[in-house]
Amino acid sequence: AYDVQLEALRLLVDRRAELSRARIQCVNRVHRLLSELVPGQSKRDITTGQAKRILATVRPRDVAGKTRRRLAAEQIAELVTIEKKVKALTRELKEMVLATGSTLMELPGVGPVVAARTLADTGDVARFVDRNRYASWTGTAPIEASSGEVVRHRLSRAGNRRMNHMIHIAAATQIRLDTPGRAYFLRKLAAGKSRREAMRCLKRRISDALYRRLRADAGAAVEAGPGGQSGAALQSSAA
């Protein structure tokens, strides 16, 4: 069913993804120009503040150097603008996710962007009969690739790749921080899994957790629906 609130959420999260890609391109251009102006001082993950400080030390005399400096200054200004837009959109996404009554952001590693993408792309979670179908859709259900007595699984390339990427971000965040997800990841490594296999296991675990939250939130919304009628949708006619 078409949901205007989720459609608005989808538009904003898509726009933020576009800005994130534009930011990466802008950072790469700044890095290239600074590397040409000051070899050896610029780094890949440079911040706008660091870039400004490096640029302030450069006083080229030739026309090519002056042109590079001017272009670098323009790119840094553009980068500042993009980052402001990204931060503003992130705040707006957080407010919209909370307005839906979603509890997804209570999960470790799930921030406003991951939660917004999950809600927007999943839509009505009732279309997935169980967590296994949901995992297949998110591309976190591994495919068996056994040979003879050797039992192994490989990564599934099917499903929604945007959702798979969001779950990967959540998994990487959990591993980096002191979370139950990190403990689970380390247990898989201790059991003989490779880092890639352990990551796949954790991503499937996160997919299941997202599914449970979505189902629970949907049930709570129905119970608290206007008029108290069982089965009322989030956007009921009574509203």
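Reader: Which residues does UniProt list for "coiled-coil region"?
Author: We're looking at a predicted model, so local features need pLDDT of at least 70, side-chain atom pairs count only at pLDDT 80 or more, and totals for chains, interfaces and linings use all residues. Residues are numbered from 1 along each chain as its sequence is written, and side-chain values use heavy atoms, with hydrogens and water left out. UniProt positions are in the numbering used here, with shortened feature names, and annotations may be inferred rather than shown by experiment. In the unreviewed UniProt entry, "coiled-coil region" is listed for residues 72-99.

Reader: How far apart are the end C-alpha atoms of residues 72-99?
Author: Helices (H or I, at least four residues) and strands (E, at least two) are DSSP runs, numbered from the N terminus. By that count, residues 72-99 are 100% helix and 0% strand. From end to end, their C-alpha atoms are separated by 41 Å.

Reader: How many helices and strands are there in the chain?
Author: Reading from the N terminus, the elements go α-α-α-α-α-β-β-α-α-α. That gives 8 helices and 2 strands.

Reader: Which residues does Leu-210 touch?
Author: Contact here means heavy atoms within 4.5 Å. Not counting residues up to four places away in sequence, Leu-210 touches Leu-104, Leu-107, Val-110, Thr-118, Tyr-134, Met-163 and Ile-167.
Two of these, Met-163 and Ile-167, are also buried residues of H6.
So much for the neighbours; the list asked about is Leu-104, Leu-107, Val-110, Thr-118, Tyr-134, Met-163 and Ile-167.

Reader: At the start of H6, which residue's side-chain oxygen reaches the backbone nitrogen of Arg-162?
Author: H6 covers residues 161-176. At its start, the backbone nitrogen of Arg-162 has a side-chain oxygen within 3.0 Å, and that oxygen belongs to Asn-160.

Reader: Is Arg-44 buried or exposed?
Author: Arg-44 sits in the loop between H1 and H2. Leaving aside neighbours within four places in sequence, Arg-44 is in contact with Val-27, Asn-28 and His-31. Buried means under 20% relative accessible area, exposed over 50%, and partly exposed in between (1.4 Å probe, protein chains only). With a relative accessible area of 60%, Arg-44 is exposed.

Note on methods: The expected span of a helix is 1.5 Å times one less than its number of residues. A polar contact is a pair of N or O atoms within 3.5 Å; within protein, one must be able to donate a hydrogen and the other to accept it, and residues adjacent in sequence count only if both atoms are side-chain atoms.
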